[in-house]
Amino acid sequence: NRNELVTPLENGFEETGVAVQLFDYIFDWKEDLENKIYTHPIALAYNKVKKLDCKSIEEGLFCHGAFNDTVIEALKHFELGKNIFYDSGAYEFALTLESLARNAAFLNAKANELKGDFGKLDIMKELKTSAHYLLHAH
């Protein structure tokens, strides 16, 4: 039955969309903050530093773990989507999500490596150079 396959695939794409959207929020956080759009990573950063200015939010993201927490949340959604696709026999989609998840984990490790240079360099700019695959996933 067609509906038995369509619904799981829709669920897999929904999980994928949530993960990709979280990365969109991460990489657009400055623009979102300027426009008073308080996305998930901004809210997490604010909860850690209790200030809403650009420098404080950046500190919350990279020095207090909001970036890491957002990536972990995105990885959970990639994993859920991947499992749905595998269970549905949509192996190419599942393999694509595995690749996106590896790239996300790499970015998270790179952000952790760079946080010692907070204030000395533009961490987001450094991460964007490594994030081509994720940034063009949607």
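The dialogue below treats the fold, the aromatic pairs, the salt bridges, the helices and the surface in turn.

Me: What conventions apply to the numbering and to the values?

Reply: This is a predicted model, in which local features need pLDDT of at least 70 and side-chain atom pairs count only at pLDDT 80 or more, whereas totals for chains, interfaces and linings use all residues. Residues are numbered from 1 along each chain as its sequence is written, and side-chain values use heavy atoms, with hydrogens and water left out.

Me: How many helices and strands does the chain have?

Reply: Helices (H or I, at least four residues) and strands (E, at least two) are DSSP runs, numbered from the N terminus. Here the chain has 8 helices and 0 strands, and its pattern along the sequence is α-α-α-α-α-α-α-α.

Me: What share of the 138 residues counts as buried?

Reply: A residue is buried under 20% relative accessible area, exposed over 50% and partly exposed in between (1.4 Å probe, protein chains only). In this chain of 138 residues, 36% count as buried. A contact means heavy atoms within 4.5 Å; of the contacts with a separation of 6 or more, 62% come from residues 24 or more positions apart.

Me: Why is the pair of F85 and F93 called tilted?

Reply: The planes of F85 and F93 stand at 40°, with ring centres 5.2 Å apart, so the pair is tilted. F85 is buried at 1% relative accessibility, whereas F93 is partly exposed at 40%. Ring pairs also link F13, F85 and F93 into a cluster.

Me: What is a salt bridge, and how many does the search find?

Reply: Side chains of opposite charge can pair when their charged atoms come close. The criterion is a side-chain nitrogen of Lys or Arg within 4 Å of a carboxyl oxygen of Asp or Glu. The search of the whole structure finds 2 salt bridges. In one of them, the side chains of K48 and D69 meet at 3.2 Å, N to O. That pair links distant parts of the chain, with K48 in helix 3 and D69 in helix 5, 21 residues apart. K48 is partly exposed at 36% relative accessible area, and D69 is partly exposed at 29%.

Me: Where do K82 and E79 lie?

Reply: An α-helix has 3.6 residues a turn, so residues three or four places apart point the same way. K82 and E79 both lie in helix 5, 3 residues apart, about one turn of the helix. They form a salt bridge whose closest N and O atoms are 3.3 Å apart. K82 is buried, with a relative accessible area of 14%, while E79 is partly exposed at 38%.

Me: Which residues of helix 4 are buried, and what do they pack against?

Reply: The buried residues of helix 4 are S56, I57, E58, G60, L61 and F62. They pack against helix 2, helix 3, helix 5 and helix 7 (123-130).

Me: Where are K36 and K50 found?

Reply: K36 lies in the loop between helix 2 and helix 3, and K50 in the loop between helix 3 and helix 4 (54-62). K36 has a positive phi of about 60° although it is not a glycine; K50 likewise has a positive phi of about 60° without being a glycine. K36 is exposed, at 62% relative accessible area, and K50 is exposed at 54%.

Note on methods:
Phe/Tyr/Trp six-rings, centres within 6.5 Å; stacked < 30°, edge-to-face > 60°.
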